[in-house]
Amino acid sequence: MHHDFVDPVEGSLQRRLFLQRTACGLGTIALGDLLARDSQSAEKSIRPFRPLAPHGTPRARNVIFIFMAGAPSQLDLFDPKPGMKRLDGQPVPASFLDGLEDPLIKGSARVYASPRSFRRYGESGIEYSDYVSHLGGVADETCVVRSVYTDVANHHPAQLIMNCGTNRWGHPSFGAWVTWGLGNAADNMPGFVVLMSNSGHGIDGGASLWSSGFLPSIYRGTTFRSSGDSILHLANPEGVTGRAQADRLRVIADLNRIRQARTGDSEIAARMASYELAFRMQSAGPELLDFSRESASTHKLYGLDQDKTRWFGTNCLLARRMVERGVRFVQLYHSTWDDHSNLNANLKTNCDMTDLPAAGLIADLSQRGLLDDTLVIWGGEFGRTPMNEVRRSPAPGSEGRDHHRFAFSMLFCGGGIRRGTVVGRTDELGYHPVEDAIHVHDIQATLLHCLGFEHTRLTYRHSGRDFRLTDVGGEVVESMLA
Amino acid sequence: MVCRLILVGLLGTSPLLAAKPTVAEDVHWAYRRPTAAKPPALSGGHDSRNPIDCFVVERLRDLEIAPSPAADRPTLIRRVTLDLTGLLPEPAEVDRFLADERPGAWERVVDRLLASPHYGEHWAREWMDLSHYADSDGYLTDQLRPVAWRYRQWLVKQLNAGTPFDLLTVRQLAGDLVPNATIADRLGTGFLRQTLSNREGGADPEEFRVKQIVDRTEMLGAVWLGLTVGCARCHDHKYDRLSRAEFFGLYALLNAADEVNIYAPRAEEERPWLEAVEKYNRRRDKLLAPIAGPLRILQDRWEARLLEAGARPGREFLWDRRWEVLGLIWGGQLGEGQLEGQEIVKRDRQLRTRDEQDRLLLYFLSHGSLIDPAKFKQLKLGEVQSKLEKLRTEVPWPIRAQVMRQARVPRQAFLHERGDFRVRGPAIQAGVPFMLPPLAGTSRDRLALARWLVSDSHPLVARVTVNRMWQAFFGTGLVRTVDDFGVRGELPSHPVLLDWLASEFRDRGWSIKRMHRLIVTSGTYRQSSRQRPRLQRRDSGNRLLARQRALRFSAEVVRDTALQAAGLLCRHLEGPSVRPPQPESVTGEAYGNVWTESVGVDRYRRGLYTFVQRTTPFAQGTTFDAPSPGKTCTGRERSNTSLQALTLLNDPVFFECAQALAARTLAESRGGDVERLDRLVRRCLARRPAAEELQRLAVYLAAQRRLYSGSGEAAESAGRVAGSASRFAAPDEAAAWVSVASVVMNLHEFITRD
């Protein structure tokens, strides 16, 4: 075995030379030392996108996470509270406020009954508000969880909890964990892609939400641009032919490999992998971004034919096309749902942009049979208060809702999730869960379960400790599972 | 077991790094004054010319780990040139260092670099990250701030001049309050002017003013205190003993400052301006004389209505709006202090400066007709306005600058419930957190704050600052959480070294250059960055400093060095921001932004001069982890993505660099291929190519010649590939050299400082 002649200092160099001699193809071996710094597993360090052995039977292989940043109002979309009409304009009954210490919840505000109307959809008869009637149209595919809660009620920390399982910086995001665990089935696209849209304001959390944290940087989310060219500089420089580009990449790889042998710098391997992927993206990218072969009905389904829905719809269609091509994790961010005032109007703007395409995506995945192994998630970092918040003016219509971390709703469908069902129940104001309180870590544990991983076993050693997405919590929510 | 795991997780440290801060149990280590320990004496003939090495080596000895040998000279000069100036060493500089066999060769290189004007440019970028510098307001309308760059210029100058950190602190937080403040002192407060401004109709000016003060308070926390104070805005800090009242105490210290722009003439501007203004004043008075009386009465009525609306809103919607709009649009697209208009109106007419009167009059003439449209017409105020504006064009107004000024009317700060600007809790007295030493003296303003930060008794500031320096030179701070020295932050890997450095920093008169010199002349800094497998297994994060670390360049340095190697870089030091080329699809992204590409040498200025439009960040910057200009950044990410590869391979800007580098190589060297390849590689990597590399490049060169001289598609495009290089060789030959240049500029090593 080649290990036998490895001396402690020169070891990796010898081994690398050995592997190099036996390697074939552009850069297969370049990845040799990619993860050596963390010595997680020898296999993983040679092929970073080879999946880890699952702990159970995977039901899903891909994830599309539609993250609604800023916290959409569950009470006006998914969690109807007809009883609130009676209390509209009244102070919140003291019983709801007992023992609350959270500084963001204002005891003095008055109840604000939703101005929206709800109705039942599909065979399952689940209620959705008129603002999300299209999502109502796919109610039978969907599991609505109405009793999610989180730890903090500030945007960025709560976004971090939802995306990375902790509100501390520097931890891997859900997408990074999944790409690390499941690898990337696409050899010409990044395994974890981030797409953004907004109604006037970007996301508070920024790149920390798709970070690879302490995982190697190849698991970090790659952001495609939200308008214009999704991927910049896909085309060769003027005059450079495809063959010349391939030659160029080959010699770059060779020289990088020589350098790596000299320095032992594992980052060079990652750089080589980036270049290889870039080259493959150059051929695959234009085709991915070209919607001309999608039928007119598909364009319509995603709202590409309308100004309001085109931006978010384009991201949704891209998500489907990427999943078809093996991209593991597509994260859509739409911001901002942070409606402290003028909630009724602002909520409409965001729903007008996103409701139709999100429902179109689910329907399309379903009819193509992709929903069986794709998880779709819809939700924000927390919910909004049952009480009215008066920020700008007391005029009717300008009411808003404040941050609410104790109970909010999220939607799930696809790979392994129970269809047409509601999980959890909140009290008559939607203030607290009264049935099945589900922490964000429980959600994460459940989703990992669907992907074939036991959340306490999908760990990574860093700074002397095994870290996991669910931090020190999380339990699989059986009632969400098919 | 679980508990222990959590505990270790909180400390963020491995058993290997069982750093034991030597403080009493009850006070968090970072809140205690650093004590200057003597560097440990090393036995066994270890070369400890620099005390830093004593601390590092002692630790390694305990763990029986050998430090790495020094890197070779080419690596060293490239490393230190990049670290101190953000540029590559020129080939002649490398040669000189390699040939210098006298003692002190290294120190001579370091001193030359510390004296380079590019040193200030490189380190200004750090302060731009900390202050989140931008050339626009942010938010939806994202209007321009055409004089924001004066602060950047100031930074470059101060850093080059070696202004010590204490003075830099005082000038940036309170330059206007320094006794006999000069314009240069006041320019420093541009630091505080990098907060966002919302000029969108309907925004509440007070809401966004409060946001700015909160932002500044958080900046103060991250930059000087190393504390995430922001959490305490809404609730008592969960982990650090910082109450909401204490957060608002800091807030109150910054609350009484107003944004204002001043004339800050450059030397040559002053005389012509003052002369012209005198003439202008006479002609202006003459123009207004016939209507002076009625005009004054009309303007007084207008001001009275505005003041009324401002003091008691909710009565007349129209006037409420007028007051709000005055606050929103005043000085828009000029980056003027947003609330200055309201402040002038609030001020007695007799107390207003002539310039304030003038600018308010112009605003009144263009926005004030609501008060009495008939009278406006009768006095022909529209005509007066255009005449007055024409008169003003005859004055060569000197360039203005964004600064802070102490509020003329003291402004009481309140504790805002849940951080909400409208919910005023109890009045708050300005003050500093209880866990830290008290403010000296009786004054409670920004100057007192700045002096307190750099006072001898302050436990945090020196530590936090040297730690950030350490991060710049080693990739990671001694405390890895550079902006969090609180209870939730990580413990230092070398607590005694950190404290020693902090004490040295103060003892060396807060001199930044001296500290930089101290660090880069250490053996620890000069170690090879080569990875050692066994060491990797024990210390994957290099916390023990048994080697250097290879670090990818920052976004600006990636571009600057490509331009430099190509010979395109413009080394001009001054002036407004420039807009180098970038894809159209990027520039069209945000609301109403226009990106008019700069021409001539302005296309090739260093990255720090690139215009920062907050809603449309420069694409190459974003790709290489330039921070979002909306938030303080105390340390950049270094990602490694395929988008970076696409940029270096295909971005026309980088390909142009390859063409220019090829042109330069062909023009400068008349020798054969080997000599030219050698020259090209040395220019980019500061070292000679190894035989193996040379051979690979030669084979590639030959293949490219065949490709471009044949009869296929490639041959036809040879001229386009060759670009500027075709001035020095036939298209096929030139194109082959462009290919080689591009390859070298795409190597990992080219964008990495080893």
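In this predicted model, strand S1 of chain A pairs with strand S7 (residues 329–335) of chain A in the parallel sense, over six bridges. Within S7(A), Val330(A) is the bridge partner of Ile64(A). S1(A) also pairs with strand S8 (residues 374–379) of chain A. Six bridges join S1(A) and S8(A), and they too run parallel. Here Ile66(A) stands opposite Trp378(A).

Is S1(A) enclosed or open? Seven of the seven residues of S1(A) (residues 62–68) are buried, so the strand is largely enclosed by the rest of the structure. In a regular strand, side chains alternate between the two faces of the sheet. Asn62(A), Ile64(A), Ile66(A) and Met68(A) point one way from S1(A). Val63(A), Phe65(A) and Phe67(A) point the other way. Residues on both sides are buried.

Now chain A as a whole. Its secondary structure comes to 13 helices and 17 strands. Of its 482 residues, 59% are buried. Take the contacts in chain A between residues at least 6 apart in sequence: 75% of them join residues at least 24 apart.

Ala304(B) sits in helix H13 (residues 292–311) of chain B. Ala304(B) counts as exposed because it has 12 C-beta neighbours inside 10 Å. Its C-alpha atom is 8.8 Å from that of Val345(B), 41 residues apart along the chain.

How values were computed:
Residues numbered from 1 in each chain as written. Chains lettered and ligands numbered in written order. Predicted model: local features only at pLDDT ≥ 70, side-chain atom pairs only at ≥ 80, totals over all residues. Helix = DSSP H or I, 4+ residues; strand = E, 2+ residues; numbered from the N terminus. Buried ≥ 20, exposed ≤ 12 C-beta atoms within 10 Å, placed from the backbone. Contact = placed C-beta atoms within 7 Å. Pairing = 2+ DSSP bridges.
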